[in-house]
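Subject: Structure handover and findings

Hello,

Here is the structure I promised to pass on. Please open it alongside this email.

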Amino acid sequence: MGFLTYLINGLSLGSVYAIIALGYTMVYGIAKMLNFAHGDVIMIGAYLVFMCMSNSGLPAVVSIVIAIACCTVLGIIIEKIAYKPLRKATNLAVLITAIGVSYFLQNMALLIFGSNPVSFTSVINWEGLSLAGGQLKITGNAIVTIITCLVIMFGLMWFVKNTKPGQAMRAVSEDKDAATLMGINVNATISLTFAIGSGLAAIAGALLCSSYPNLNPYTGSMPGIKAFTAAVFGGIGSIPGALIGGLLLGIIEILAKAYISSQLADAIVFAVLIIVLLVKPTGILGKQIKEKV
Amino acid sequence: MKNLNKSTQKLIISILVIVVLYIVMAVMESTGNLSSLMSGLLVPVCAYSLVAIGLNLCVGYLGELSLGHAGFMCVGAFTSAFFSKAYANTIPDVPRFILALLIGTFFAALFGFLIAIPVLRLSGDYLAIVTLAFGEIIKNVINVLYVGIDSNGLHVSMKDMMSLGLEPDGTLLVNGAQGITGTPRQATFLIGVLLVIFALVVTFNFVNSRTGRAVKAIRDNQIAAETVGLPITKYKLIAFTISAAIAGVGGVLYAHNINSLTATTNNFGYNMSIMILVYVVLGGIGNFSGSLIATVVLTMLPEMLRGLSNYRMLIYSIVLIALMLFNWAPDILKFRADHGLTSKTILGKIKKTKEVQ
Amino acid sequence: MALLEVTNLGISFGGLRAVDEFNLQIEKGELYGLIGPNGAGKTTVFNMLTGIYKPTDGKIFLDGNDITGKKTADINKSGVARTFQNIRLFGDQSVLDNVKIGLHNSFEYSTFSGIFRLPKFFATEKEMDKKALEILSVFGLDKEADILASNLPYGKQRELEIARALATEPQLLLLDEPAAGMNPNETRDLMNTIALIRKEFGVTILLIEHDMKLVSGICEKLTVLNFGRVLSQGETSAVLNDPEVIKAYLGE
């Protein structure tokens, strides 16, 4: 039974990674940039939910909606101010700017909320299920997290496939210039991608802190890096890849913590990533692109 | 030949500037005109400069983005500190430090080499994320490493101190997350400056040698490089290994400047790798002297802004974003070119006014 | 024995058969042309000859040695050099350094003597400079030795690419559309240059070309590719009068 519990915890953590990884993977697919600040948007989202719930006493759902709205706006603003002017510059320049934005968000949070961690109240007020005569307990947090992740994932896949803006996103990720010639508004499409990614980050923040309630200005940093790893793992640019990468990463991390060593869990996660990339250099679902001679 | 002479002149000027800066700082320190915070930063600045030079070799000349150079710094720091502590009472100070320097550099190079073999099969962002992963693994493993020595020899464990089974007379050398304490503090500002100059000369000579030309050719056009008969993997390995070795020298310097050496996210994790990358990019990719200037200015900047207390890191981040936009955004670059605001025209104006005077 | 002997060479990309049953024999000292409409598989043949693509079938012999599927760098070492249709210079390095990179395998000193500037470094670099300038002067590029390769005008970039290829001391030189993008005057100069390097370097040349004037002017033999297959092969005048070839080029 212990193994099943770990597996479910792993799936739950993996679901959070998958939601964050979606933000990375969509932005990478469209703007070809590593948005290092994405993890910090998660932290901002979690703080917003915390403020609404614990300080203003709003219900959880309302708090999350407010956080999603604020993070969406934040994502659009960041893109407009910091990334858009650099769209035609080298990748490295955008990467460093993203790092600057990450520092900015962390220090902003540090100024407003202080460096002491706050204790996050779970947004899910449900004990969960008790199966097999109480031997297997599944927390409400885990169930809601996993379901939310699946809903978001399939929703997005449907959105990208069947709606006009979704198709525009695919076109822009394939070839920006050709998309422009076809009359697609590339700037609006990129903004939309950042908006969706940042909105999802707010949800990820709320879910992450519901399971791991220790919230401080650096909370988003490590999960951000790991979710990025998950996105690469699954094949960056691919939405189902983010799901598979996120879930696998979460499961490996929890199992490694349980059975091998809690201190070495991160090292094991990264080692698995390295092995996967060496066997399949573009990730599990990634596409191989060769230079034409 | 002319190009070589011109760049040699630049190198000599850079070294002269470093020497002058060293003298100024040394005089200020001895006359008590340097705040303790500033003087505490002198050796770390040299250490970061070394890592930046190493990383710039990788990013600027090999053309590959590494987010794991803090890992090589970490290897250099821990292997050298381990050696210095283990032989603290058996080898005299000077030869021991020289040996520690060689050992730290060697192991950083070895790790660089071993990691490069799989990593260099990848490219672009995939390579970047794998170097980040390796850096994190190095940091993580060191955090669970316990090493002690007694009359029976070395004891190593990855669980806890107790599992070492040390005799009562034994000493604990590496204590897991507490790292290594009591490394002799032998790194001085002078040693740091000398090492930086040495690294500058080595990298300069390297990129202007037969091997360096091959490395640059591979960066510029790998397929063309193959068709003129260059063994790609060999030269990539050489460049990456040297790059890691120089980062390792930075680690040795860093370790011998502090009493208690631990591997945390901030000093050896991806945060450090990213901080160094910021120096490299702001200083100019492929420009070693630029890396030095950026390292010195950006390390000192937060300290100089200390009066602004909590706002200093916020200002730092805003300055960073603004600098990137100012130097890289195509629209802003065009505006600067149209209004005579490029660094070249500004430098030209300064020269002219000087001549007039 | 022929310098280059290719038998039944073929390659597939997925389901697409890009080149099929390609045979070719080039004697030492010949100037050979490979022509054909766009997409006929000419550059693909070059990519197989230089090891950039691994052929699915067939064999390639250079001077009697099997070089099929070898690594690109090793094929260069055994004596094949090439240029590219879309010029591939080392743009961030000087004209001189581009040629010196071509000389890389003919001159040697260790990385160590490079880093620590041992006497071997200075001696070898001096010899390399001399040799590189010698090659550049054949193309009249020696005056531009210190310019960045990417700053050269287009026609000179093509010539520099040939100079770099020659620096590797090849037996066989493959030129991929050397006259592409040149005006008639430049093309005429190029024809003279090709004749000159053939004499000066004693190298055998296989070239891909669209410019019929250039082909008929300098090539002794031709192979015509169409849809990945050999349409016609032999003496230049005979091939150009082959009705099949005229049909492929002009349509029915």
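What follows is a run through the findings, chain by chain and then contact by contact.

This is a predicted model: local features need pLDDT of at least 70, side-chain atom pairs count only at pLDDT 80 or more, and totals for chains, interfaces and linings use all residues. Residues are numbered from 1 along each chain as its sequence is written, while chains are lettered from A and ligands numbered from 1 in the order in which they are written.

**Chain B**

Chain B has 15 helices and five strands. Helices (H or I, at least four residues) and strands (E, at least two) are DSSP runs, numbered from the N terminus. Along the principal axes, the C-alpha atoms of chain B fill a box of roughly 75 × 60 × 40 Å.

Of its 357 residues, 46% count as buried. A residue is buried if 20 or more other C-beta atoms lie within 10 Å of its own, exposed if 12 or fewer, and partly exposed in between; the C-beta atoms are placed from the backbone. Take the contacts in chain B between residues at least 6 apart in sequence: 75% of them join residues at least 24 apart. Two residues are in contact if their C-beta atoms, placed from the backbone, lie within 7 Å.

**Where A meets B**

The contact takes 35 residues from chain A and 37 residues from chain B. On the chain B side, the elements that give two or more residues are α5, α11 (270-283), α13 (312-328) and α14 (330-338). α5(B) gives the most, with eleven residues. By class, the chain B side divides into 29 nonpolar, four polar and four charged residues. Here Ala, Val, Leu, Ile, Met, Phe, Trp, Tyr, Cys and Pro count as nonpolar, Asp, Glu, Lys and Arg as charged, and the others, Gly among them, as polar.

One residue to look up is P330(B), in helix α14 of chain B. P330(B) is exposed, with 12 other C-beta atoms within 10 Å. Not counting residues up to four places away in sequence, P330(B) touches K88(A) and A89(A).

**Helix α11 of chain A**

α11(A) covers residues 265-279, 15 residues in total. From first C-alpha to last, α11(A) reaches 21 Å, close to the 21 Å expected at 1.5 Å a residue. The expected span is 1.5 Å times one less than the number of residues.

Its buried residues are D266(A), A267(A), V269(A), F270(A), L273(A), I274(A) and L277(A). Seen down the axis of α11(A), they fall within an arc of 160°, so they line one face of the helix. The arc is that of the directions from the helix axis to the C-beta atoms. The face turned away from the buried side carries the exposed residues I275(A) and V279(A). What covers the buried residues? The cover includes α9 (221-234) and α10 (239-259) of chain A, together with α5 (124-143) of chain B.

**A142 of chain A**

A142(A) is found in helix α5 (residues 140-162) of chain A. With 24 C-beta neighbours inside 10 Å, A142(A) counts as buried. Leaving aside neighbours within four places in sequence, A142(A) is in contact with I8(A), N9(A), S12(A) and G128(A). A142(A) and S15(A) are 127 residues apart in sequence, yet 9.0 Å apart in space, C-alpha to C-alpha.

**Chain C**

Chain C has ten helices and ten strands. Its radius of gyration is 19 Å, close to the 18 Å that the globule rule gives for 252 residues, so chain C is as compact as a globular protein of that length. Buried residues make up 46% of the 252.

The domain assignment gives domain 1 (1-79 + 170-252) and domain 2 (90-169). Such bounds come from an automatic or database domain assignment. The domain centres, taken over C-alpha atoms, are separated by 27 Å. In chain C, 15 residues of domain 1 are in contact with twelve residues of domain 2. The domain 1 side draws two or more residues from each of α2 (72-77), β7 (172-176) and α7 (184-201) of chain C. α7(C) provides the largest share, six residues.

Best wishes

Definitions and conventions. The radius of gyration is taken over C-alpha atoms; the globule rule is 2.2 Å times the number of residues to the power 0.38.
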